[in-house]
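Reader: I'd like to learn how to read the packing in a model like this one. Could you walk me through it, feature by feature?

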Amino acid sequence: MTTTSASAATLATVYGYPRQGRGRELKKAIEGYWKGTVTAEALLATAAGLRRGNWQQLADSGIEEVPTGDFSLYDHMLDTTLAVGAVPARHRAAVDADPLNGYFAMARGTQDLAPLEMTKWFDTNYHYLVPELGPDTVFAANPAKAVGELTEALSLGHDARPVLVGPVTYLLLAKPAPGVAADFQPVTLLDRLLPVYARLLADLKAAGATWVQLDEPALVPDRTPAELNAAARAYRALGALADRPKLLVASYFDRLGDALPVLAKAPIEGLALDFTGPAAANLDDLAAVGGLPGKRLVAGVVDGRNIWINDLERSLATLATLLGLAGTVDVAPSCSLLHVPIDATLERDIDPQIARWLAFAKQKATEAALLARGLREGTGAVTAELAANRADLASRATSPITRDPAVRARAAAVTEAEARRAQAYPQRAEAQRARLGLPLLPTTTIGSFPQTTDLRLARADLTAGRIDAAAYRERMEAEVRDVISYQEKAGLDVLVHGEPERNDMVQYFAEQLTGYLATRHGWVQSYGTRYVRPPVLAGDISRPHPMTADWFRYAQDLTDRPVKGMLTGPVTMLAWSFVRDDQPLADTARQVALALRDEVTDLEAAGAVVVQVDEPALRETLPLRAAARPHYLAWATEAFRLATSGVRADTQIHTHMCYAEFGAIMTAIDDLDADVISLEAARSHMEVAGELAEAGYPREVGPGVWDIHSPRVPSIGEAVSLLRAGLAAIPAERLWVNPDCGLKTRGWPETRASLENLVGAARRLREELAG
């Protein structure tokens, strides 16, 4: 590559940074506050310390403009709801009485207050709290958090840029409040919301902001002309304000599409675009609209969602092309680094060869800074770094770790018949009902039971060598006995073994499959204080030995009632991992599906009558743009069927999904050909039952009646009310009764009370239906 130089204005920045701290200090402080062992003052001091540490770490990595406002105690959309004063009526008294407790009541609910609905942030595994709006919503600016965090950063000497969720995205992601007509469109409130944003911008300018970033990722999916017109109106209005900072509108996760010319023409000073993966099309699209002459372009050329090192020379080539399309070009990761772990150097147990290929948040910030330097000073200034990067990329491309000829040959030989059940659903349903003999409205759970402190300590003791494998097995077997015994006494119809031996629904399997590796410190926020450690998928996948059949046999021998075999599906195994980027996802999914197919048939051979293969990530991985969806859904549903189609007609296949908007994938849900599907329904007020009925879904359904992400215990009456709503759409012969999701994060007292109410609700309705 020839040497290229840019304006001295070229700098490195990021849109956001992980919030939790290197040791998940934020999680510990918040959960301590909930338990009453940490004061509000101590919690807020911990949060302030983490913000300071993040800004300093970014500055040390070479980031010249740090973000503020991206830090959150729970969720940035919830923070935006408070910033614009859109607190639901049921939460206002709690927020007024104690803002911190009211904030958490909106997020988690209380026994007396239902929380906000929660769903996935675009096609990521991050969950946000959905704003509830209606025609009577009154907005009011609350700039305290945004101004306070900006002031903190400026006082420490950082060049800081506040980040806010943009007004169009906020409204497009909102839903009608309970009691508001379902066809109400929150975006119609735009003219009411814009003056509040004007006030926030003015206050940020007064506090010292030169630039403010407004995130508008909701403009990336296909949008209607009316929605695009709303975006144009919003940024004409905000751009025309006299008292405001410069505006940088950011999009990410895919190409901006039809919204790009809208924003390019808007009277704003800058645009931040993703140039990674499918969003690389933004380069040609930007050229097609004439670029951004005289404006700032922040180029997201470092993948902010995956953990592989950047191809620096390729990124520099992209940046060099972009130099001719904007007034200034700055360098950034493609999105907030919230979606990756903090620091790859903390991983001391990973093969040193593979460690060379990894870049977490800290390393990605360094890559952005290096690219900015190369763009600003020319490639000669970064010759050594480019050579080292070239060697690391070559190491990965040629490593035998990434290729297994036997796995590839098996995947290539798959036939269409292998991905279909031999019998149609009506014949299977008849055989399964005869074999299982379940009552009307059968009750079950989704899989996991509470992961108690004792269980976590046992796992830590095993890892540290304080107990051996036999002692660990003994502790886990005791827990399985207790869980099976409790379910029998509670009256559940289809049982689970509770998964005490599993650290995570993806990691547990990844640790037993070839091609995967686990991290020790690779924590990523899923929602609130829930953090996960996505495994890293580095090579071809196979199953050296059975993974769950032994635990299933142990549990089934304890009871005469059916126990479900429990597995995580192929799409979720990919979505909740850091996947390889050197082959199509469809190829990797087929490899995982074949490994799971072997496990399903082993479970059936061990006596499993019911096998559940969870696919909660099927919806979240749906491409944001409609043109890419048919191909994705074809390989995703094929992978599920390939994993589950090798069983007898009278073996019942279940699947589970949670916290997503299901309307867009109803055809795909049908194409899975599962016999029973359980879905989240409590927070969304049983909407999914109506959606399934409208789509003509013919199989059995378990819409959840207990929101397990809240500490609330639903009453029998509440569960009955939800089930009646479900029965209005789904015949009783096809309706199951279950929680929204697994019970891993709940405590035993609320689990017992909630499950007993759930069983009580099912019994009450059985009696009504029988009468």
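Reader: Let's begin with Trp34: how does its accessibility class follow from the number?

Author: Happy to start there, and please keep in mind that this is a predicted model. Buried means under 20% relative accessible area and exposed means over 50%, with partly exposed in between. Trp34 has 26% relative accessibility, so Trp34 counts as partly exposed. Phe104 has a relative accessible area of 4%, so Phe104 is buried.

Reader: And how do I describe two rings that meet?

Author: A pair of aromatic rings is described by the distance of the centres and the angle of the planes. A search of the whole structure turns up 13 aromatic pairs. One of them joins Trp34 and Phe104, with 5.4 Å centre to centre and 90° between the planes, an edge-to-face arrangement. This pair links distant parts of the chain: Trp34 belongs to helix H1 (residues 25-35) and Phe104 to helix H5 (residues 99-108), 70 residues apart.

Reader: What geometry do the rings of Phe449 and Trp748 have?

Author: Their centres are 5.5 Å apart and their planes stand at 40°, so that pair is tilted. Here too the pair links distant parts of the chain, 299 residues apart: Phe449 is in the loop between helix H17 (425-436) and helix H18 (453-464), while Trp748 is in helix H28 (residues 748-770). Phe449 is buried at a relative accessible area of 1%, and Trp748 counts as buried at 14%.

Reader: Which residues do ring pairs link into a cluster?

Author: The cluster consists of Tyr15, Trp121, Phe122, Tyr128, Tyr252 and Phe253. Phe122 also turns up among the contacts of Glu620, along with Lys120, Asp123, Thr124, Asn125, Ala575 and Trp576, leaving aside neighbours within four places in sequence. Glu620 sits in the loop between strand E17 (610-614) and helix H24 (629-644), and at 2% relative accessibility Glu620 counts as buried.

Reader: Where do charged groups lie over ring faces?

Author: Arg296 lies over the face of Trp211, 4.7 Å from the ring centre.

Reader: Now a strand, please. Is E9 enclosed or open, and which way do its residues point?

Author: In a regular strand the side chains alternate between the two faces of the sheet. In strand E9 (residues 270-274), Gly270, Ala272 and Asp274 point one way and Leu271 and Leu273 the other. Five of the five residues are buried, so E9 is largely enclosed by the rest of the structure.

Reader: Which strands pair with E9?

Author: Strand E8 (residues 246-250) runs parallel to E9, joined by three bridges, and Val249 stands opposite Leu271. Strand E10 (residues 292-302) also pairs with E9 in the parallel sense, over five bridges. There, Gly270 stands opposite Arg296, the residue that lies over the face of Trp211. From E9 the chain crosses through helix H11 (residues 282-288) to E10 in a right-handed β-α-β crossover. E8, helix H10 (residues 259-265) and E9 likewise make a right-handed β-α-β unit.

Reader: How many residues does the largest nonpolar core have?

Author: That core has 116 residues, and those with the most contacts inside it are Phe139, Tyr170, Tyr235, Leu319 and Leu322. Among the residues Tyr170 touches are Met77, Val84, Leu133, Phe139 and Tyr197. A second, separate core of 105 residues includes Val483, Ile484, Val579 and Leu743.

Notes: Residues are numbered from 1 along each chain as its sequence is written. This is a predicted model: local features need pLDDT of at least 70, side-chain atom pairs count only at pLDDT 80 or more; totals for chains, interfaces and linings use all residues. Side-chain values use heavy atoms; hydrogens and water are left out. Rings of Phe, Tyr and Trp (its six-membered ring) pair if their centres lie within 6.5 Å; planes under 30 degrees apart count as stacked, over 60 as edge-to-face and the rest as tilted. Helices (H or I, at least four residues) and strands (E, at least two) are DSSP runs, numbered from the N terminus. Buried means under 20% relative accessible area, exposed over 50%, partly exposed in between (1.4 Å probe, protein chains only). A charge sits over a ring if NZ of Lys or CZ of Arg is within 6 Å of the ring centre and within 35 degrees of the ring normal. Contact means heavy atoms within 4.5 Å. A nonpolar core is a set of buried Ala, Val, Leu, Ile, Met, Phe, Trp, Tyr and Cys residues joined through side-chain atoms within 4.5 Å. Two strands pair if DSSP finds at least two bridges between them. A crossover is right-handed if, with the strands pointing away from the viewer, the path from the first strand over the helix to the second runs clockwise.
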